[in-house]
Amino acid sequence: MLTLFVLPLILAFAPAAVWAFRAGGLWRVWLLGVFALLGLILVALVLSAVYSVPSVWRVVLYFLMFVGPSVLFTNAALTVANVFESALWTQLITALVGSLAGLAVGFVVVVYGLGVWS
């Protein structure tokens, strides 16, 4: 169920971040990241209300720890790529790699750091 909400967010955020970068620079990319994290909190609150979980804040924490690094790594990768490359395809690849690396880091943090399956 989590994949149904997380995967489209991850796949859509990288091209949106590249668009924001090309349209408005680094300021707009980081603003988009802030709004994505706020939207993530909103999605976590709605899903916790729909499924009536015992701890709403734990769901918000898991969502932020799982998907938050993906947003932050995408923004950081585009910030670093700003110095080296300005081609569109390179920025898209950089954003997707940063997003997937952040998703892997978020998975490790949630599973091993927060002890979901321990």
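The model is predicted: local features need pLDDT of at least 70 and side-chain atom pairs pLDDT 80 or more, while totals for chains, interfaces and linings use all residues. Residues are numbered from 1 along each chain as its sequence is written, and side-chain values use heavy atoms, without hydrogens and water.

Select H3 (56–84) and H4 (88–113); helices are DSSP runs (H or I, at least four residues), numbered from the N terminus. Their axes, lines fitted to C-alpha atoms over the stretch in contact, lie 7 Å apart at an angle of about 150° (on a scale from 0 to 180 degrees between N-to-C directions). H3 and H4 are therefore roughly antiparallel.

Next, select Val6, Ile10, Leu40, Ala44, Leu47, Val59, Val60, Phe63, Phe66, Val67, Leu103 and Val110, the 12 residues of the largest nonpolar core. Such a core is a set of buried Ala, Val, Leu, Ile, Met, Phe, Trp, Tyr and Cys residues joined through side-chain atoms within 4.5 Å, where buried means under 20% relative accessible area, exposed over 50% and partly exposed in between (1.4 Å probe, protein chains only). H1 (2–24), H2 (26–50), H3 and H4 each supply at least two of its residues, and the largest share, five residues, comes from H3.

Now centre on Val60. Beyond neighbours within four places in sequence, Val60 is in contact (heavy atoms within 4.5 Å) with Ile41, Ala44 and Leu45.

Finally, select Ser52, in the loop between H2 and H3. Ser52 counts as exposed because its relative accessibility is 60%. Its phi is near 45°, a positive value in a residue other than glycine.

How values were computed: Angles under 35 degrees count as roughly parallel, over 145 as roughly antiparallel, 65 to 115 as roughly perpendicular and the rest as oblique.
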